[in-house]
Amino acid sequence: MEKMIELIKNRSDIGAGTRGSDLGIDAIEIAAINKGSQYFINYPFVDVPTRNSSIYQNDNHPFAKHIQQIYEQCKQVASTVEDSLSSGNFPLVFSGDHSSAMGTISGIKSAYPDKQLGVIWVDAHADIHSPHTTPSGNMHGMPLAAMLNEDNMPCKINEIDESTQEFWNKLKRIAGPVGKIQSNHLIYFGVRDTEEPEDLVIERLGIKNYRVEDTRQRGITDCVAEALKILEACDMVYISFDVDSMDSELISDGTGTPVPKGFLPREIVLILEEIIRSGKVICFEIVEVNPLLDNKGNKMAEVAFDILERITPLIEFKSVN
């Protein structure tokens with residue numbers, strides 16, 4: 001069945017510790033325009049309204065900053081992704097910060113509640129903190145914990161209030177029951193900047209992480225093949241691509257939390273292509289481009305767009321076949 005790529009633009013950035021990723025989508029569009037590409041007029045798109053003005057309001061959730069607005073945002077993202085999938089489209093999601101993934105995953109599961117979802121998380125960070133363990137309170141570090149229904153109470157360091165707990169539970173229940181994904185259906189690529197509570201919960205849950213050095217030593221093809229074997233029981237796959245998975249020193253600092261010793265763009269392309277060739281990918285998301293932090297002009301957005309251009313023909317081919 002033929003599917004049309006649908007662009008979903010979610011400019012929310014209130015889950016990050018530094019403002020600016022709300023401009024990431026526009027920066028990628030500018031990169032396309034400067035390259036002479038008509039990418040962003042070739043596909044239908046949906047603009048998801050944001051709650052970014054909430055940064056001017058007092059926030060009473062120090063261990064889950066802006067959680068009420070992020071909950072409302074993720075509900076809307078979930079509805080938009082569900083509508084896209086239900087219409088037979090392939091949602092290609094552009095988001096500001098990574099808290100958006102709670103909405104994206106919830107939308108996928110709402111569209112296909114009886115199917116097993118595999119998640120491939122290409123990122124420098126594990127994003128598996130909860131309000132009970134977070135050192136910063138920034139919710140872009142928490143989406144996977146919410147979707148796994150994992151509070152990691154053995155590593156608890158924070159006492160959260162009733163309001164935070166209520167909204168945290170609501171986030172877990174967006175568009176369906178808790179536990180949207182299973183830990184054995186989650187694969188990391190490139191995670192290398194974590195805190196001890198994350199390391200302990202990853203070890204306890206047995207989540208596989210293909211480190212940058214692993215993929216280079218073993219080969220990307222073999223690592224992706226093994227990852228897909230792990231996800232063999234999954235009916236569908238969602239790829240979440242945080243641009244900080246790439247090497248900040250070789251590319252730019254144009255992302256919220258840049259980390260050196262990451263993937264090269266050509267390695268990202270190979271990883272994504274190998275995953276998409278499985279035929280199981282039904283949604284792709286790109287996050288955390290922040291042009292305000294870019295020390296090389298618009299370099300991060302330009303690299304992100306180059307990657308997007310490389311993988312899009314394969315998405316279109318796999319969506320038809």
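The model is predicted, so to speak of local features requires a pLDDT of at least 70, side-chain atom pairs count only at pLDDT 80 or more, and totals for chains, interfaces and linings use all residues. Residues are numbered from 1 along each chain as its sequence is written, and side-chain values use heavy atoms, with hydrogens and water left out.

I begin with the aromatic residues. The structure holds eight aromatic pairs. Rings of Phe, Tyr and Trp (its six-membered ring) pair if their centres lie within 6.5 Å; planes under 30 degrees apart count as stacked, over 60 as edge-to-face and the rest as tilted. One of the pairs joins Tyr 39 and Tyr 43, edge-to-face, at 5.2 Å centre to centre and 65 degrees between the planes. Tyr 39 and Tyr 43 are both buried, where buried means under 20% relative accessible area, exposed over 50%, and partly exposed in between, with a 1.4 Å probe and protein chains only. These two tyrosines also belong to a cluster in which ring pairs link Tyr 39, Phe 40, Tyr 43, Phe 94 and Phe 305.

Another pair is formed by Phe 241 and Phe 284: the ring centres are 6.4 Å apart and the planes stand at 35 degrees, so this pair is tilted. Because Phe 241 lies in strand E7 (residues 236–242) and Phe 284 in strand E8 (residues 281–287), the pair ties together parts that are 43 residues apart in sequence. Strands (E, at least two residues) and helices (H or I, at least four) are DSSP runs, numbered from the N terminus. Phe 241 is buried, at 0% relative accessible area, and Phe 284 is buried at 1%.

I turn now to the helices. In helix H1 (residues 24–34), the buried residues are Gly 24, Ile 25, Ala 27, Ile 28, Glu 29, Ala 31 and Ala 32. Gly 36 follows H1 and has a positive phi, near 80 degrees.

Helix H9 (residues 220–230) contains Ala 227, which is buried at 1% relative accessibility. The C-alpha atoms of Ala 227 and Ile 120 are separated by 8.7 Å, although these residues are 107 apart along the chain.

Finally, which residues gather in a patch of negative charge on the surface? They are Asp 193, Glu 195, Glu 196, Asp 199 and Glu 203. Patches are made of residues with over 30% relative accessible area and no salt bridge, with like charges joined within 9 Å; a salt bridge is a side-chain nitrogen of Lys or Arg within 4 Å of a carboxyl oxygen of Asp or Glu. Asp 199 is found in helix H7 (residues 196–205) and, at 38% relative accessibility, counts as partly exposed.

Conventions: Patch = residues over 30% accessible without salt bridge, like charges linked within 9 Å, V, L, I, M, F, W, Y side chains within 5 Å. Areas by Shrake-Rupley, 256 points an atom, 1.4 Å probe, with all protein chains shown as cover. Lys, Arg positive; Asp, Glu negative; His and termini not counted. Charge placed at Lys NZ, Arg CZ, Asp CG, Glu CD.
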